[in-house]
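Me: I would like to learn how to read strand pairing and helix packing from a set of coordinates. Could we work through one example together, step by step?

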Amino acid sequence: MKLLSTELYGNSPIYLQNLLLSFREYASSRKRYGMGYYRFLHQLSGMDEKDRQSEERYQDQELRSLLRHAAEHSAFYREVFGDDLADIRFAGDLRQLPVIEEELFNERIDDIRTHIVRKKRGEAESPERGQLPRLWLSNLDLQKQTAAVDHFKKQHGAINLDMKRATFYHGDFVPLGQKEGAFWRDIYYLNQRLYSAHHCTEPFLSAVVRNLDGFRPDFIDGLPEAILAIARFINDHRLLLDFQVVAIFVETELLSESERLEIENAFGCSVRRWSMKTERSPFLSECPAGNLHFNMRTGVLEFTEKGEVLLTRFHTKGTPLIRLKIKDQWMPVHCQCPCGSVHPVVRKPLKPVSAFLQSRSRGRVTSLYLATVQEKFQKAAPSMQFVQNSLDAIEIWLSGTDFIPAELEQNIIREMAGIFGEDMNFTVRGRLNGASEEPGPAGLIINNLQFPQTCQSDYSTD
């Protein structure tokens, strides 16, 4: 944003500001819209996210490519992982590697960055106080990340660069002190108009809506609070727009049902969420069924027994990110999404999970009874977890093994039937410590009946 902070830009007429902004974006966008972008976008268009085998095969291939690159070019990973990287063939094998704590990652960031990027970009500057060290990414990293986001939008009818795009964005492209005139700027090369989110408030809303109506974008994206303010103004004044967008994309993990309806009523189209808050965050996108999916083509997301979230991101070869314990809190949703995608569905753990399960015929069964079951089978199964995803079925997970003797399985089911009743179904499963199929965070009980489990919508914040 250095160009935008200069006196030349601030004192220039708006048409010249548009030219200067377009020139700056043309220079920076060449890093994001190179041939790697178009090749990857074309590749994504030919893939089928409903085909589990092909999606997992692609994920494993990308993982091996990242690990080879890290072993060859990153001093940190050669030191920490050593020869173990060569043993990783599939995403499920990642549990053989140690977890990378964020403090260690930040402390050793210079050793993590690959020497290829360091030669191209020079020595790292120190981060500002309170900021995390930045991840240096290669141009191909940036192009693939951009292509992944644009493919998500394309799936909902929006073709970036070809269609007119209105983006609500925080930035200094419109001076904060500006009180009249245009609260937007054009980037001609990208076929995009930027609207200042700072000016999506009274008394500027009327001017912004009039300009938006005149611009007639094909799709809208950006900050949800700015788009919501525009939608409320349109609905409150019962305005009819002269254009129709194919979809609206908001960069957020949370959107209440009332906020979604407000935006959809104003613009007459679907709203879709997506999120990749930082370079250290997973890429999540919303499907037509209203669920947030983690994109398997961009990395591997693991959930440990301790409730930790581990992220491996493929398009970070400039600064390889492997099994990093991130601060983002997510839980897996274990049911098939109606959209058909095999990419994992995740949700925020917004509500506390109560220490009880439900019996179809006997009501609530508290943790006291389940602790008794665990104690009874402690010698054969030192660690147990009880997971309920539906009213008539309970899963019993035994940690530390993937083999359950038939006699032990029958004894556990008999004990559970005596507590919950014969009209319930019980499944006993085993998992090795750290296995990727684990049902959720640590704890004796995971009661998923307190969350929507139909996979039609992950949750509402109303």
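Me: Which residue in β10 is the bridge partner of Leu301?

Reply: Bear in mind that this is a predicted model. The bridge partner of Leu301 is Leu311 in β10, and this pair belongs to the pairing of β9 with strand β10 (residues 309–313), which runs in the antiparallel sense over five bridges.

Me: What is the order of the strands in the open sheet, and which are the edge strands?

Reply: The open sheet has three strands in the order β9-β10-β11, with antiparallel pairing. Its edge strands, each of which pairs on one side only, are β9 (299–303) and β11 (321–326), and from one strand to the next the twist averages 20 degrees.

Me: Which helix packs on the sheet, and which strands does the helix touch?

Reply: Helix α4 (residues 52–73) packs on the sheet and touches β9, β10 and β11, while the direction of α4 makes about 100 degrees with that of β11.

Me: How should I read the packing of one helix against another?

Reply: Two packed helices are described by the angle between their axes together with the distance between those axes. Here, helix α2 (residues 14–32) and helix α9 (residues 139–155) pack at about 90 degrees, with their axes 7 Å apart. An angle from 65 to 115 degrees counts as roughly perpendicular, so α2 is roughly perpendicular to α9.

Me: Which residues meet where α2 contacts α9?

Reply: From α2 come Arg30, Lys31 and Arg32, which meet Asn139, Leu142, Gln143 and Thr146 in α9. By class, the residues of this contact divide into three charged, three polar and one nonpolar.

Note on methods
Residues are numbered from 1 along each chain as its sequence is written. This is a predicted model: local features need pLDDT of at least 70, side-chain atom pairs count only at pLDDT 80 or more; totals for chains, interfaces and linings use all residues. Side-chain values use heavy atoms; hydrogens and water are left out. Axes are lines fitted to C-alpha atoms, for helices over the stretch in contact, and angles run from 0 to 180 degrees between N-to-C directions. Helices (H or I, at least four residues) and strands (E, at least two) are DSSP runs, numbered from the N terminus. Angles under 35 degrees count as roughly parallel, over 145 as roughly antiparallel, 65 to 115 as roughly perpendicular and the rest as oblique. Contact means heavy atoms within 4.5 Å. Ala, Val, Leu, Ile, Met, Phe, Trp, Tyr, Cys and Pro count as nonpolar, Asp, Glu, Lys and Arg as charged, and the others, Gly among them, as polar. Two strands pair if DSSP finds at least two bridges between them.
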